[in-house]
Amino acid sequence: YQRRVREFCQQTAKMMVQGRRHRSKGAQKNTNEIKQLHEKSKQIDGDFQSLFKLLMEESKLDEQANSMRTLLVIRDKELEKLYHEILTKRGHTVVSCLPEEVLEQHHKEPFSMMILEDSTSSSNKPTETGGVQTEKEEINAVELCRHIRNVVFEYVVILIVTKEEGIDDINRILDAGANDYLFYSLSVAMLEVRLMCYERQVLESIKLKQTEELKLVLKRLVLCVEKANDSVEIWDRQGRIQYLNQIVQQRTGYKRWEFLGKEFKMFLVNAEIYNSLWETICTGKVWTGTMVTRHDK
């Protein structure tokens, strides 16, 4: 028995390798085509960018982790240098800017994480350009964070670096929309641990954003299939009907729910085509022919 299992596994592995070799040229061609579609969709700001991105397999979270973009708004040069070195070592693309440049930088290419230093001045106010007016080079990170959340950045992970350790100060930071806070006094080792946790938040945020985008795409695709003038059916591997669009109901006289869970061959008048049809599509090929479907009348 063990020998037969071993032989079966070897044969299966051999078939998979042969299949990959056979498909590699076609798969590469298809990948290039989808990549071109995705690039063009980005250029025209198309509604189906997320779908092409998914098909192109660019939405893998491990790839996104390695290309994470982080914005630093930090006045203290030594602190900025420390964060820049740690984040770069962790694979981030790091950009530094002034508070009033945040929106401009984000619109050029979105950031997945923002780290803001709070060298607080409570009189600072958001500007119309998306930044915060500063006095004596101070950064009111709380007001800047609140403004970011109000404008657009729902999925950005925002962290505020603060010297204040009181409960009221921390509540003020979190109420402004920050995901969390970091104390100046953190050791390098602890900072790396905290950043690793925030990276996971970023990945979850990216995943959530992609899910929302794909929901909108999916609704449109489903509507296209539902309203199509050609019959569309989905069967499982046993030939049972799992889905059919509205036109099938109109053409057969049956209600759609009457089809679900039943074998499609039950509705064929010319049942002699069943064997060749099923054998053809089960091997991944296209069957061409005429199906005569029963009508309720």
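## A lysine over a ring

Start with K265: in this predicted model, K265 lies over the face of Y274, 4.8 Å from the ring centre. K163 does something of the kind with Y184, lying over the ring's face at 5.1 Å from its centre.

## Rings that pair up

Search the whole structure and you'll find nine aromatic pairs. One of them joins Y254 and F267 edge-to-face, with 5.5 Å from centre to centre and 80° between the planes. Y254 sits in the loop between α9 and α10, while F267 sits in the loop between α10 and α11, so the pair ties together parts that are 13 residues apart in sequence.

Now back to Y274, which pairs with F264. This pair is tilted, with 45° between the planes and 5.5 Å between the centres. F264 is in the loop between α10 and α11, Y274 is in helix α11, and they are 10 residues apart. F264 is buried at a relative accessible area of 4%; Y274 has 15%, and because buried means under 20%, it counts as buried as well. Ring pairs also link F264 and Y274 with W235 and W278 into a cluster.

## A hole inside

Helix α4 (residues 77-89) gives the largest share, three residues. The lining has eight nonpolar residues, no polar ones and no charged ones.

Definitions and conventions. Residues are numbered from 1 along each chain as its sequence is written. This is a predicted model: local features need pLDDT of at least 70, side-chain atom pairs count only at pLDDT 80 or more; totals for chains, interfaces and linings use all residues. Side-chain values use heavy atoms; hydrogens and water are left out. Helices (H or I, at least four residues) and strands (E, at least two) are DSSP runs, numbered from the N terminus. Ala, Val, Leu, Ile, Met, Phe, Trp, Tyr, Cys and Pro count as nonpolar, Asp, Glu, Lys and Arg as charged, and the others, Gly among them, as polar. Rings of Phe, Tyr and Trp (its six-membered ring) pair if their centres lie within 6.5 Å; planes under 30 degrees apart count as stacked, over 60 as edge-to-face and the rest as tilted. Buried means under 20% relative accessible area, exposed over 50%, partly exposed in between (1.4 Å probe, protein chains only). A charge sits over a ring if NZ of Lys or CZ of Arg is within 6 Å of the ring centre and within 35 degrees of the ring normal.
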